[in-house]
Amino acid sequence: MNAKAAPAKTNPRLHTPTSLGAEATRDVSGALNALLADHFALYLKTKNFHWHVSGPHFRDYHLLLDEQADQIYATTDPIAERVRKLGGTTVRSIGHVSRLQRVSDNDAEYVTPLDMLAELREDNARLADRMRQTHGVCDEHGDVATASLLEVWIDEAERRAWFLFEATRPGETPGR
Ligand SMILES: [Fe+2]
């Protein structure tokens, strides 16, 4: 899988018992750590756009992005703790996140509101794709618990993508 995301040899003092086996620890933990980095990167990008969005739909977009950022952030702790339960070690710093993340940052001085929502929609859709791939890794190792968590997080990412899509769909009638 993603060799870059594979955990280094775990310090024996951080070893946690699991009956899933060393390969599951390596493969599932590696995939989860990359997903964790993606969630932190997407969390900060969503907050970035929450803080910098402007224009006539400010209130709607500002609130939508805050709600989505909260949901993304709430996912980070269960991912990290799942890695520890599997006997792996997890992300330790912003620097560590930046080495693992596949969600690209957007440091642009100004982004139009529609571009913000379109970019986040794409990011959430790709995140759902990567979580589906990780679900396959879990299946290979019989890790039903991680697979079950992923099913919820995939649904949440797809919901976020849906809301972002609908918020940018051209309206047929003005207002509501
Ligand atoms: Fe806020």
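Predicted model: local features only at pLDDT ≥ 70, side-chain atom pairs only at ≥ 80, totals over all residues.
View 1. The protein chain has five helices and zero strands. Both are DSSP runs numbered from the N terminus: helices are H or I with at least four residues, strands E with at least two. The C-alpha atoms fill a box of roughly 60 × 30 × 20 Å along the principal axes. Residues are numbered from 1 along the chain as its sequence is written, local features need pLDDT of at least 70, side-chain atom pairs count only at pLDDT 80 or more, and totals for chains, interfaces and linings use all residues. Side-chain values use heavy atoms, without hydrogens and water.

**View 2. The surface of the protein chain exposes about 10000 Å².** Carbon and sulfur atoms supply 53% of that area, computed by the Shrake-Rupley method with a 1.4 Å probe. Buried residues (under 20% relative accessible area, 1.4 Å probe, protein chains only) make up 43% of the 176 residues.

**View 3. The largest nonpolar core has 36 residues.** Such a core is a set of buried Ala, Val, Leu, Ile, Met, Phe, Trp, Tyr and Cys residues joined through side-chain atoms within 4.5 Å. Leu32 and Met131 have the most contacts inside this core. Helices H1 (22–52), H2 (58–85), H3 (94–100), H4 (113–141) and H5 (144–168) each supply at least two of its residues.

**View 4. Met131 and its contacts.** Contact means heavy atoms within 4.5 Å. Leaving aside residues up to four places away in sequence, Met131 touches Leu35, His39, Leu150, Trp153, Ile154 and Ala157.

How values were computed: Buried < 20%, exposed > 50% of the residue type's maximum accessible area, 1.4 Å probe, protein only.
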